[in-house]
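Please read the following note with the model open beside you. The points go from confidence in the model to the contact between its parts.

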Amino acid sequence: MANGGPVQHGFPHLQTVRASITALYRRLSYDTIQTFATSVAPADVAFCDTDDLYLGAQRVARELVRHYRLPEARLIVGFREMTHAANVELAAGPEYFVELNDRFRTHRRDIGAALAHEVMHVYLHRLGLSFPGTRDNEILTDTATTYLGAGWLLLDAYREDAASSQKLGYLTPEEFGYVLAKRALVFAEDPSVWFTSPQAYTAYVKGLAEARRDEQQPPLTAAGWAGRRRYARDRRHAQDHGAGAAAGAGARPGVPYAFTPDGQGPLRVSFPCPTCQQRIRVPVRGRVRARCGLCRTVLECDT
């Protein structure tokens, strides 16, 4: 939790964020992810200063348990002084003890954001889905919270001005915006209407622009002129220099596609699905319509 300190910006964790989205689709399946089409509603996690602290926290926790479909999980929420925003004890269940930073005693509107992350820890624990290392696992948790409909709370908890700052979670504000935008593009949802923080809206706009760029990379037909020209050059190099060159063509930083030989058959190109980031491999033969087997997105390509 950044509390008055510097807030990191940009997209330093984007590779792990994308891997997290792929892992969610692989572990949950397309059908399960579709059941999260509706985000947590602001009214369901609203917390007024006049609400009883403990009863209100338990109410919000129950709502998040319901949203994540964890009917047999019971969260017991307490408060104590700590460095981090919150902590959850991942036991066998069905009861889970969550501790929130004492700061939330007076910043109650952000209790939902802190609990959204901690309840997702319980959800992923029950799924058996984790990444090695604390950092990557926390990025997975932030990404899953956001992609499954509760992470807009974490982004809305980001506030920064000349005198103070607050940010929850391990993702940067722009990365939260990116995952929110990926979700919005799938479910035709506009989370920006729920933001109370103007800084959150700015971060979402930047994240949306990055998410749009995923949809505009060659060999997708939506790619821009510069990308199409670069792709044509790399394809020509792969075709002219044989299988050895084909295996490495395009496999360089900043280039999402890579050409690979296919035995005695045609050259193939692999690239990440703009929705779930799983790599798709199709033959190099002009206009091709591909369907991602993981998230079922139909992609128009010009290979």
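1. The mean pLDDT of the protein is 91, and 93% of its residues reach 70 or more, where pLDDT is the predictor's confidence in each residue, from 0 to 100. This is a predicted model, in which local features need pLDDT of at least 70 and side-chain atom pairs count only at pLDDT 80 or more, whereas totals for chains, interfaces and linings use all residues. Residues are numbered from 1 along each chain as its sequence is written, and side-chain values use heavy atoms, with hydrogens and water left out.

2. Over residues 243–250 the pLDDT stays under 50, and the model has 19 contacts beyond four places in sequence for them, a contact being heavy atoms within 4.5 Å. Where pLDDT is low, the predicted coordinates should not be read in detail.

3. The domain assignment gives domain 1 (13–215) and domain 2 (217–302), with bounds that come from an automatic or database assignment. The centres of the two domains, taken over C-alpha atoms, are separated by 34 Å. To the contact between them, domain 1 brings 14 residues and domain 2 brings eleven residues.

4. About 1,100 Å² is buried between domain 1 and domain 2, and carbon and sulfur atoms give 55% of this area; buried area is the accessible area (1.4 Å probe) that two parts lose on being put together, summed over both. Of the area that domain 1 buries against domain 2, Tyr25, Tyr30 and Glu215 supply 41%, more than any other three residues.

5. Which residues form a salt bridge with the closest N and O atoms 3.5 Å apart? They are Arg296 and Asp31, and a salt bridge here is a side-chain nitrogen of Lys or Arg within 4 Å of a carboxyl oxygen of Asp or Glu. Between domain 1 and domain 2 the count is one salt bridge.

6. On the side of domain 1 that touches domain 2, helices H1 (14–28), H2 (30–34), H7 (173–187) and H8 (198–214) each supply at least two residues, helices being DSSP runs (H or I, at least four residues) numbered from the N terminus. The largest share of that side, five residues, comes from H1.

7. For the protein, the salt-bridge rule gives a count of 16. Glu63 forms a salt bridge with Arg66, with the closest N and O atoms 2.6 Å apart. Glu63 and Arg66 are separated by about one helical turn, because they lie three residues apart in helix H3 (residues 53–67).
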